[in-house]
Number of protein chains: 2
Amino acid sequence: MNTAESPTQVKAENPDTAAPRAVDWENPRVAAILSAAAKCFARKGFSATTLAEIGKELGLRKSIVHYYFASKAALIHEVQSFTYHKHLDRLRQAIVGAGEASAAAAPNALAALWEAIQTDKTGTGLNIEVWSAARRDTELKRRASALQRDARKLVAEGLPEILGVSATDEAKLKGLSTLILAVVNGLAVAEYLEGEEVDVNAAFQLFLGQLRSSARQG
Amino acid sequence: MNTAESPTQVKAENPDTAAPRAVDWENPRVAAILSAAAKCFARKGFSATTLAEIGKELGLRKSIVHYYFASKAALIHEVQSFTYHKHLDRLRQAIVGAGEASAAAAPNALAALWEAIQTDKTGTGLNIEVWSAARRDTELKRRASALQRDARKLVAEGLPEILGVSATDEAKLKGLSTLILAVVNGLAVAEYLEGEEVDVNAAFQLFLGQLRSSARQG
């Protein structure tokens, strides 16, 4: 393969200038690299993972990973956007599903929401890595914050349908969506740290019960 | 990768053997080093912080920090225990305060609980760093998980008094304490990522309202 960049030629790139680099998520090889990178980053953290290891997961040479991603910083930013957008898509589908369900199926819609936003192990590991790296990487922090805002907005828009209430109180919808995302992130961390020792599903069911009964009371 | 310590001066120590080393938290110099280290770790992360920088915060030579803490790994473990125990103490005080307050003051007791467990910026930064490092440091993970369990137990024990309900349903108290800690951790992360853009206090107040009304309904 006639790659423009061999590992020794990779420029030390500013993450801020690297970020807008166009990457085609529809390209199967790009998607495979992004998925493999997400797994490696979640398992070992950003700094302990090399581009060579990510390539190895797929049986690709490091130079091929470099061909698509000029630097590890660029790859980290792209992995974050990629996995977060997949996560937002699942969330969107659960909300559409909730809207199509009958009013009687609202509890199922809430369960689907939990399924959709309950971050898988790779997602949690990656999120924690992003939160930690965000202090040193302002572009990563800006992206993490923007994606968090998108998720909150999506939840706020879907809530009236999910909870079967009218969307009258903007402030309350905003507060509830902040709370829901906090519960999901917090429970994901609890499961990450304690595994089987903590019953995050029971805690989420309690939360859903509270949400539903507070929605009924208006 | 990325450890900023000068490799020639730092012994390669096994974190597991370094952990049980006795450190006297009552010693003012030890307490000062632990507080300064917590601040540095929260600001820059574990790997980018050197023992020399921590000493510099206090006008101490690196060798003095080394006198008390044989390795950065040992210092990280001790900082985590130290800050978490301070945090548990504040939590304990808020719960005792809630028990002494009249039933009418229960909402204030809940507010005090939020004040007590709402992690300060250093606490959040340090927590995120611990979560991230836990994947590479099993002793740190074991400690983080044990301390999380202690906090949950403390909240579960205090809840009947805080919410003014009888402690009949063990499983519900356990679920509620898991939920409360998840909300606190999740909202702390939201504030860390988004700052002023997200109203974590409003979200917590909503949560308290739900908690209280579900307690009234038994």
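Reply: Start with H2(B) and H7(B): the crossing in which H2(B) passes H7(B) is left-handed (the near helix is turned anticlockwise from the far one by less than a right angle; clockwise would be right-handed). Helices here are DSSP runs of H or I with at least four residues, numbered from the N terminus. This is a predicted model, where local features need pLDDT of at least 70 and side-chain atom pairs count only at pLDDT 80 or more, while totals for chains, interfaces and linings use all residues. Residues are numbered from 1 along each chain as its sequence is written, and chains are lettered from A and ligands numbered from 1 in the order in which they are written.

Me: OK. At what angle do the axes of H2 and H7 of chain B cross?

Reply: Roughly 65°, and the axes of H2(B), residues 28-44, and H7(B) come within 8 Å. Axes are lines fitted to C-alpha atoms, for helices over the stretch in contact, with angles from 0 to 180 degrees between N-to-C directions. H2(B) and H7(B) are therefore roughly perpendicular (65 to 115 degrees; under 35 is roughly parallel, over 145 roughly antiparallel, the rest oblique).

Me: Which residues meet there?

Reply: From H2(B) there are B:Ala38, B:Lys39, B:Phe41, B:Ala42 and B:Arg43, and they meet B:Lys121, B:Thr122, B:Gly125, B:Leu126 and B:Glu129 in H7(B). Contact means C-beta atoms, placed from the backbone, within 7 Å. By class, this contact has 4 nonpolar, 2 polar and 4 charged residues (Ala, Val, Leu, Ile, Met, Phe, Trp, Tyr, Cys and Pro are nonpolar; Asp, Glu, Lys and Arg charged; the others, Gly among them, polar).

Me: Over to chain A. How do H7 and H8 cross there?

Reply: At roughly 130°, with the axes of H7(A), residues 121-134, and H8(A), residues 138-163, coming within 8 Å. H7(A) and H8(A) are therefore oblique to each other, and H7(A) passes H8(A) in a left-handed crossing.

Me: And which residues meet?

Reply: A:Val130, A:Ala133 and A:Ala134 of H7(A) meet A:Leu140, A:Lys141 and A:Ala144 of H8(A). Those residues divide into 5 nonpolar, no polar and 1 charged.

Me: Different topic. How many residues of each chain are in contact with the other chain?

Reply: There are 44 from chain B and 42 from chain A. On chain B, H7 (121-134), H8 (138-163), H9 (170-194) and H10 (200-216) each supply at least two residues to the side that touches chain A. H9(B) gives the most, with 15 residues. That side of chain B has 22 nonpolar, 14 polar and 8 charged residues.

Me: What superposes chain B on chain A?

Reply: A rotation of 180° with 0.0 Å of shift along its axis does, with an RMSD of 0.1 Å (least squares on C-alpha atoms of residues with pLDDT of at least 70 in both). The two copies are thus related as by a two-fold rotation axis. Also, 95% of the interface residues of chain B are interface residues in chain A too, so the copies meet through the same surface.

Me: Last one: at what angle do H8(A) and H9(B) pack?

Reply: About 125°, with their axes 9 Å apart. That makes H8(A) oblique to H9(B), and H8(A) passes H9(B) in a left-handed crossing. In H8(A), A:Lys141, A:Ala144, A:Ser145, A:Gln148 and A:Arg149 meet B:Ala190, B:Leu193 and B:Glu194 in H9(B). This contact of H8(A) with H9(B) has 3 nonpolar, 2 polar and 3 charged residues.

Note on methods. Two residues are in contact if their C-beta atoms, placed from the backbone, lie within 7 Å.
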